[in-house]
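Look over the sequence and the structure first, then work through the points.

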Amino acid sequence: AGGDEEAARAVVGHVEALARAWRGVLQRSVYNAVVGQLLDEVLCIVAARALSVADIGADEAHDAYRVLGTLQQAAEALHDGRAGAAASVPMWDKFVALTDLMEFSLSDIAEALPKGRFSKFSADEMIALIEALFEDSDRRRSVVQSIQGMR
């Protein structure tokens, strides 16, 4: 996880350097679009990596939460807050939900599902994440069944 955190900080540093160079040169709308697209590419890569892991232990999930949070904070800072990031980064809502998932309990997930909290994920993605994050149990099977019922 230390390497992942270092990599996240390095990416943030590079994006912030580009953003500083572009902020005074580009029109605000162009700046938001360019930085938003750059961040979207980074977040897509990170999310794809997280979605491909078959088993995520509690410590790994907490480490992932910190790394994802670092990227989320940087995106918000570069876009003057969460609303700006949401407007400029296409996969923002999915990325925020992924970050939250790393710290949620099965009960938190079960509560959030009917509210559409994870609507940016496909059913298969949600099931894979739940199976990676939580050991097999009656509760996990129940949550997976509820996701399958929402298809």
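In helix H7 (residues 123–133), Met-126, Ile-127, Leu-129, Ile-130, Ala-132 and Leu-133 are buried (under 20% relative accessible area, 1.4 Å probe, protein chains only). Helices here are DSSP runs of H or I, at least four residues, numbered from the N terminus. The model is predicted: local features need pLDDT of at least 70, side-chain atom pairs count only at pLDDT 80 or more, and totals for chains, interfaces and linings use all residues. Residues are numbered from 1 along each chain, and side-chain values use heavy atoms, without hydrogens and water.

**Packing of H7**

- The buried residues of H7 pack against helices H2 (28–52), H3 (58–78), H5 (92–101), H6 (106–112) and H8 (138–149).
- The axes of H7 and H8, lines fitted to C-alpha atoms over the stretch in contact, come within 10 Å and cross at roughly 175°.
- H7 and H8 are therefore roughly antiparallel (an angle over 145 degrees, on a scale from 0 to 180 between N-to-C directions).
- Ala-123, Met-126, Ile-127, Ile-130 and Glu-131 of H7 meet Arg-140, Val-143, Val-144, Ile-147 and Gln-148 of H8.

**Thr-99 in H5**

- Thr-99 sits in helix H5 and is buried, at 2% relative accessible area.
- Beyond its neighbours within four places in sequence, Thr-99 is in contact (heavy atoms within 4.5 Å) with Tyr-65, Leu-68, Gly-69 and Gln-72.

**Leu-98**

- Leaving out neighbours within four places in sequence, Leu-98 is in contact with Ala-47, Ala-50, Leu-68, Phe-121 and Leu-129.

Methods
Buried means under 20% relative accessible area, exposed over 50%, partly exposed in between (1.4 Å probe, protein chains only). Helices (H or I, at least four residues) and strands (E, at least two) are DSSP runs, numbered from the N terminus. Angles under 35 degrees count as roughly parallel, over 145 as roughly antiparallel, 65 to 115 as roughly perpendicular and the rest as oblique.
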